[in-house]
Amino acid sequence: MIKKCSGCGILLQTIDKSQEGYVDSLDKDLCERCFKIKNYGEYQSTTLNNEDYLKVIENIPKESLVVYLTSVLDINLDYAKKFPHLLIVLTKKDLLPKSVKDYKLINYVTNIIPNYLDIEVISSIKNYNLDNLISKIKRHSHSKDIYIVGMTNSGKSTLINKLIKNYSNQNSELTTSMYPSTTLNTVKLKIDNLSIIDTPGFISPGSILNYLIPSEIKKITPKKEIKPRSYQLKGNNSFTIDNLLTITYYDDTNITIYIANNINITKINPNNSKISKDYEYSFSLSANKDIVIEDLCFIKFTKSCRVDIFCPYKLNIYERDNLI
Ligand SMILES: Nc1nc2c(ncn2[C@@H]2O[C@H](COP(=O)(O)OP(=O)(O)OP(=O)(O)O)[C@@H](O)[C@H]2O)c(=O)[nH]1
Ligand SMILES: [Mg+2]
């Protein structure tokens, strides 16, 4: 009998407890890994990787509508460009200050990727703009299969759970968690005559999530509205972000940091810093740029400034025009 886990899509098996999909009986609908994530909120590692997830994504028929999710905190559209029928969804709007307007975020996306069918800014947790989103999905769905795609943790499974709850009379629930690689294969669910298909998210090689242990991931994950922290800086000086990295700036400037509220930002003498400097990232920013440290934070600069970032990991750290 071939049966998939209703939480993460992996094929269920009763043979090897150390492998994904294990259940002690095929009568069960949920694999042991999902059971532990759902009931104990524990991190459960997986032997699958980006290559496995990409195989799933590459099998998406070209004519299908792809709903591509990316968090407002880490707008990453690298993979989105692959899909011809694209509805872009910026998720987790509740984490940005309420004063941030949706159109600013939408303008930012349009400058990077102008050829999409539609776009929506949502919060699944706050039920924000989900009515608009389901109407847009229905409007643009020419075939009945709709694929929900995006980076790990962008909120794909959480969104589908909300759509099923709000707009169908089913009660199935996909597995979600704050840790990477929760969904392992496709899971198909029905809303009216549409099939909504959850997919595994990719993990960016430069994401800090690759280097942190579960308790650290928990710490850096923003859980509620970020209170931006603004500083007037007098160069040349340094600060650390929670012992994860050191930031040295050489000019006077004003910055605002968007990061989880419980993370410590501390002024330091870089010569006394205990943080390893294995990797160095240098920027000569013109005015009105952000530095993004993928899956950790973004820093808004108003004036031009030379900046060096030191850390023990090989991260994706890049500059962009101010998002907000
Ligand atoms: N604040 C906030 N958190 C959200 C929202 N949507 C999802 N999350 C959280 O983001 C984390 C990841 O959610 P998932 O739904 O598991 O993400 P995913 O995209 O399915 O991840 P993979 O299965 O690993 O690809 C969970 O901790 C969710 O609670 C949202 O609208 N707001
Ligand atoms: Mg998922």
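A residue is called buried here when its relative accessible area is under 20%. The views below show a predicted model.

View 1. The magnesium ion (ligand 2) is coordinated at 2.1 Å by the OG atom of Ser157 and the OG1 atom of Thr183. Serine 157 belongs to helix 5 (residues 156-167), while threonine 183 sits in the loop between helix 5 and strand 5 (187-191), so the pair links parts that are 26 residues apart in sequence. Both serine 157 and threonine 183 are buried.

**View 2. Polar contacts of ligand 1.** A polar side-chain atom of aspartate 94 lies 2.8 Å from a nitrogen atom of ligand 1. Two further contacts involve the backbone: an N or O backbone atom of asparagine 153 is 3.0 Å from an oxygen atom of ligand 1, and a polar backbone atom of glycine 201 is 2.9 Å from an oxygen atom of ligand 1. Ligand 1 taken alone exposes 650 Å², of which the protein buries 90%.

**View 3. Threonine 253 and its neighbours.** Threonine 253 is placed in strand 10, which covers residues 253-258. With a relative accessible area of 1%, threonine 253 falls under the 20% cut-off and is therefore buried. Leaving aside residues up to four places away in sequence, threonine 253 touches Tyr231, Gln232 and Leu233, and also Phe301, Thr302, Lys303 and Cys305.

View 4. A disulfide is a covalent bond between the sulfur atoms of two cysteines. Two cysteine sulfur atoms must lie within 2.5 Å to be counted as a disulfide, and by this rule the count is 0. The cysteine sulfur nearest to that of cysteine 5 belongs to cysteine 34 and is 3.7 Å away, and cysteine 5 is in no disulfide. For cysteine 8, too, the nearest cysteine sulfur is that of cysteine 34, at 3.7 Å, and cysteine 8 is in no disulfide. Cysteine 5 has a relative accessibility of 1% and so counts as buried; cysteine 8, at 0%, also counts as buried.

Key: Residues are numbered from 1 along each chain as its sequence is written. Chains are lettered from A and ligands numbered from 1 in the order in which they are written. This is a predicted model: local features need pLDDT of at least 70, side-chain atom pairs count only at pLDDT 80 or more; totals for chains, interfaces and linings use all residues. Side-chain values use heavy atoms; hydrogens and water are left out. Donors are N, O and S atoms within 2.8 Å of the metal (3.2 Å for Na, K and Ca); water is not among the atoms, so sites may look incomplete. Helices (H or I, at least four residues) and strands (E, at least two) are DSSP runs, numbered from the N terminus. Buried means under 20% relative accessible area, exposed over 50%, partly exposed in between (1.4 Å probe, protein chains only). Contact means heavy atoms within 4.5 Å. A polar contact is a pair of N or O atoms within 3.5 Å; within protein, one must be able to donate a hydrogen and the other to accept it, and residues adjacent in sequence count only if both atoms are side-chain atoms. Accessible areas come from the Shrake-Rupley method with a 1.4 Å probe; for residues, only the protein chains shown count as cover.
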